[in-house]
Amino acid sequence: MSDENVTPMIAMRNVQKHYGDLHVLRDIDIEIPRGQVVVVLGPSGSGKSTLCRTINRLEPIDSGEIRIEGELLPDEGRDLARLRSDVGMVFQSFNLFAHKTILQNVTIGPTKVRKQSRADADKHAMELLKRVGVEAQKNKYPAQLSGGQQQRVAIARSLAMDPKVILFDEPTSALDPEMVSEVLDVMVSLAKEGMTMVVVTHEMGFARKAADRVLFMADGAIVEDTDPESFFTAPESERARDFLSKIL
Ligand code: ADP
Ligand code: MG
C-alpha cells in the first residue's frame with residue numbers, strides 16, 4: 001500500500017489545551033482516515049468547537065501534535081496558510097463577506113490565495129454554486145439570501161479551495177427549521193462523494209444517515225469513539241446516556 005492510503009487525513013496526538021484554569025481539551029488522541037465522516041456530539045461547553053478550531057489552527061494548542069496528511073500543523077506563516085486552505089471550515093454564522101456578491105464570496109479565496117485566474121475561478125465557482133443550488137443568486141449580496149442559501153454559499157466557498165477536509169461547526173444551528181434539510185442534503189451528498197468531514201451537529205438524523213463514526217465529548221475529553229449505530233443504541237458511558245436522554 002502506498003503512503004497515501006495509510007497516512008491519516010487528520011492525526012491528533014495527546015493534544016492538551018487550557019483556557020486559563022479550564023482544561024478544555026484533554027488527551028485528544030485520534031486518527032481520522034481519508035474519506036471518513038465524523039460527527040462530534042456532546043453537551044454545550046464540552047470542547048467541540050475548540051476541537052475543530054485547533055484542527056485548522058484558529059486556536060493554538062498547549063502540547064501534543066496535530067498532523068494533516070502527516071504534515072505537522074505549523075504555528076504560522078506561509079506553510080500555515082497553505083495547510084489551512086486544505087482544511088475548510090463552515091461555521092454556524094455563515095461568515096460571508098457582506099459587501100461582496102455571492103460569486104465574489106466564492107472566488108475570493110481561489111484568486112487571492114490560490115492565484116487562480118478570474119476566468120477559472122468564476123467557472124469553478126459557478127459549478128459549485130450550481131451544485132449547492134444557488135447559482136441564480138450569484139449577483140446578489142448575502143443579506144438578500146435566506147439563511148439556508150447563505151450557508152450553502154459558505155459550503156461552496158469552502159469547496160472552491162479544493163479542501164482535503166471540511167470542518168462543520170453546528171452548520172444548521174442558526175437556521176430556521178425549514179431550511180435545515182437543504183443544508184444537510186448538501187452535506188450528505190459531500191459525504192457520499194468521499195469528502196473527509198468533521199461535523200459538530202445536533203442533527204441526529206444526519207449522524208445516523210451520514211456518519212461513519214461518532215465522537216462523544218464531555219468536559220474536554222473524547223468519552224466515546226464508536227459507530228453511530230452503537231452510539232445511539234448502546235452508549236457505554238453514563239455521560240452519553242444522559243446526553244441522549246435529553247435530546248432524543
Ligand atoms: P462546545 O463547542 O462543545 O459548546 P467550546 O469548545 O465552545 O464548547 O467551549 C469549551 C469550553 O471552553 C467552554 O467552557 C467555553 O466557555 C470555554 N471557552 C471557549 N472559548 C474560550 C475562549 N476563547 N476563552 C476562554 N474560554 C473559552
Ligand atoms: Mg460549539
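In which sense, parallel or antiparallel, do β6 and strand β7 pair, and over how many bridges? I was working from a predicted model, and in it β6 and β7 (residues 165-169) pair in the parallel sense over 4 bridges. I then looked up Val90, and its bridge partner in β7 is Phe168.

**The sheet**

I found an open sheet of 6 strands, in the order β6-β7-β8-β3-β9-β10, with mixed pairing. I noted β6 (87-90) and β10 (221-226) at the edges; each has a single partner strand, so one side of each is left without a neighbour in the sheet. From one strand to the next, the twist averages 20 degrees.

**A helix over the edge pair**

I also checked what covers β6 and β7. Helix α3 (residues 77-86) lies across these two strands, and I have its direction at about 60 degrees to β6.

**Two helices in contact**

My last stop was the packing of helix α5 (residues 118-131) on helix α6 (residues 147-159), where the angle is about 140 degrees and the axes are 9 Å apart. Over 145 would count as roughly antiparallel, so I wrote down α5 as oblique to α6. The crossing in which α5 passes α6 is right-handed. From α5, the contact takes His124, Leu128, Leu129 and Arg131; from α6, Val153, Ala156 and Leu159. I sorted the residues of this contact into 5 nonpolar, 1 polar and 1 charged.

How values were computed. Residues are numbered from 1 along each chain as its sequence is written. Chains are lettered from A and ligands numbered from 1 in the order in which they are written. This is a predicted model: local features need pLDDT of at least 70, side-chain atom pairs count only at pLDDT 80 or more; totals for chains, interfaces and linings use all residues. Side-chain values use heavy atoms; hydrogens and water are left out. Axes are lines fitted to C-alpha atoms, for helices over the stretch in contact, and angles run from 0 to 180 degrees between N-to-C directions. Angles under 35 degrees count as roughly parallel, over 145 as roughly antiparallel, 65 to 115 as roughly perpendicular and the rest as oblique. A crossing is left-handed if the near helix is turned anticlockwise from the far one by less than a right angle, and right-handed if clockwise. Contact means heavy atoms within 4.5 Å. Ala, Val, Leu, Ile, Met, Phe, Trp, Tyr, Cys and Pro count as nonpolar, Asp, Glu, Lys and Arg as charged, and the others, Gly among them, as polar. Two strands pair if DSSP finds at least two bridges between them.
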